[in-house]
Amino acid sequence: MKANLCRIYVGLILAFCLFFSVGAFFFGPDADAEGRELSPMPALRTEEGKLNLAFTTQLESAFADRFALRSELVTAQSILRAGLFGTGNEKVIVGRGGYLFFGDTLDDYLGRNPMTDTEIEAAADALAQMSRFAKEQGAKFIFTAAPNKNTLYGEYMPARYLPRTGESDMDRLFAALDVREVDYLDLRSVLTAEDLYHKRDTHWNGEGARMAYGGLMSALNLPYDDYVDAPYQTVTDFPGDLDALLTPTLSRTDENVVYTLPEFAYTSNYVTPMDLIISTRCDTAPQRSALIFRDSFGSALIPYFSSAFSTVTYERANPYRIDQLTRKPADVVIVEIAERNLRDLVGAAERLAGK
């Protein structure tokens, strides 16, 4: 009797292991199910033909990303943690009032691991170098940082997190730019209304993007339509990136405001708003051009700037290819980056190193 029970027990364990391993080929997660890249499957030998000594470690990582029903289990765990304890996971903070916050912004919120003085100076020097070069090429230059959602809406953060006291990295960088006489826009003074960011996404919504666009155009002293009286519709079809990280198998969508703007055309091989390079043309816009270096926050800005300039080039490459102004002039250069990524500005002007 005991022997049979042991065989049943071992059989169940083996079946369990086989399901989650072999089942990965049939029930494994999609590559983007949780907004992440899967670890590559390892090879027994390296490209040089030598034995891959890290094979078992790499295989463990690959399996951890692919085991059967992984996304479903992540979703179930997140629902339980949020419901019972009001917590998310290492990437998502479950806030109050239905707000989700990106875990990578927690250091900024708490004032933990701030940029060193050397990093602040290097970032400011890079922007100053780009600003000088742009002006030499006859272009206006402005820098802005998209505030983290908990910078604007910290009241919705869990009470267990005590916000930073004193200056933020953004404050320190702006002060360094003042010394260097680099034009910038502090969007915290523009984005003062409620509900300008998606509750369940990292980024600003259509209304927040409209206000950021208006702030930048005003700071550049350019005439523009603020579209405040433009027709719009409120749609509930925006998939939140934080939802994808928290509950990857639940199809939740957030509200978004979509304004009716002048038509423009993509002149690049456009696939998604996150393409590395996007170019647009608008025949009804004033004859002016813009070169915009941006990150994911810039995706929602594309319709606004593309409707306000006859030609626009958007780039996500870093170091910034501002040296292209010598062969492709622009009237305006904008550098936009998320507050959480300010360190990425260090070395951002390397393309100008040879000049």
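**Before you start**

Residues are numbered from 1 along each chain as its sequence is written, and side-chain values use heavy atoms, with hydrogens and water left out. Because the model is predicted, local features need pLDDT of at least 70 and side-chain atom pairs count only at pLDDT 80 or more, while totals for chains, interfaces and linings use all residues.

**Stop 1: the whole chain**

Show the chain as a cartoon. Its secondary structure comes to 11 helices and 11 strands. Helices (H or I, at least four residues) and strands (E, at least two) are DSSP runs, numbered from the N terminus. Of the 355 residues, 45% count as buried. Buried means under 20% relative accessible area, exposed means over 50%, and partly exposed lies in between (1.4 Å probe, protein chains only). Contact means heavy atoms within 4.5 Å. Among contacts between residues at least 6 apart in sequence, 69% join residues at least 24 apart.

**Stop 2: Lys91 and Asp104**

The structure holds 15 salt bridges. A salt bridge is a side-chain nitrogen of Lys or Arg within 4 Å of a carboxyl oxygen of Asp or Glu. Select Lys91 and Asp104, whose side chains meet in one of these, at 3.5 Å from N to O. The pair links distant parts of the chain: Lys91 is in the loop between α4 (70–85) and β1 (92–94), and Asp104 is 13 residues away, in the loop between β2 (100–102) and α5 (106–110).

**Stop 3: Asn113**

Move on to Asn113, in the loop between α5 and α6 (117–136). Asn113 is not a glycine, although its phi is positive, at about 55°. With a relative accessible area of 48%, Asn113 counts as partly exposed.

**Stop 4: helices α6 and α8**

Colour α6 and α8 (169–180) separately. Two packed helices are described by the angle between their axes and the distance between the axes. Axes are lines fitted to C-alpha atoms, for helices over the stretch in contact, and angles run from 0 to 180 degrees between N-to-C directions. Here α6 and α8 pack at an angle of about 50°, with their axes 9 Å apart. The two helices are therefore oblique to each other. On this scale, angles under 35 degrees count as roughly parallel, over 145 as roughly antiparallel, 65 to 115 as roughly perpendicular and the rest as oblique.

α6 passes α8 in a right-handed crossing. A crossing is right-handed if the near helix is turned clockwise from the far one by less than a right angle, and left-handed if anticlockwise. Now show side chains at the contact. On α6, the residues that make it include Asp117, Ile120, Glu121 and Ala124. Among those of α8 are Asp169, Arg172, Leu173 and Ala176. Keep Asp117, Asp169 and Arg172 on display, as they are linked in a network of salt bridges.

**Stop 5: Glu181**

Where is Glu181? It lies in the loop between α8 and β4 (184–185). The phi of Glu181 is near 55°, a positive value in a residue other than glycine. Glu181 counts as exposed, at 67% relative accessibility.

**Stop 6: Glu207 and its partners**

Select helix α9 (residues 206–219), which holds both Glu207 and Arg210, 3 residues apart, about one turn of the helix. Their side chains meet in a salt bridge of 2.8 Å, N to O. Glu207 is buried, with a relative accessible area of 18%, and Arg210 is buried as well, at 10%.

The side chain of Glu207 makes a polar contact with that of Tyr259, at 2.4 Å. A polar contact is a pair of N or O atoms within 3.5 Å; within protein, one must be able to donate a hydrogen and the other to accept it, and residues adjacent in sequence count only if both atoms are side-chain atoms. Leaving aside neighbours within four places in sequence, Glu207 is in contact with Leu196, Val257 and Tyr259.

**Stop 7**

Finish with Glu315 and Arg321, whose side chains meet in a salt bridge of 2.6 Å, N to O. Glu315 counts as buried, at 1% relative accessibility, while Arg321 counts as partly exposed, at 22%. Next select Asn318 and Pro319: a cis peptide bond joins them, with omega about 10°. Pro319 is in the loop between β10 (311–315) and β11 (332–338).
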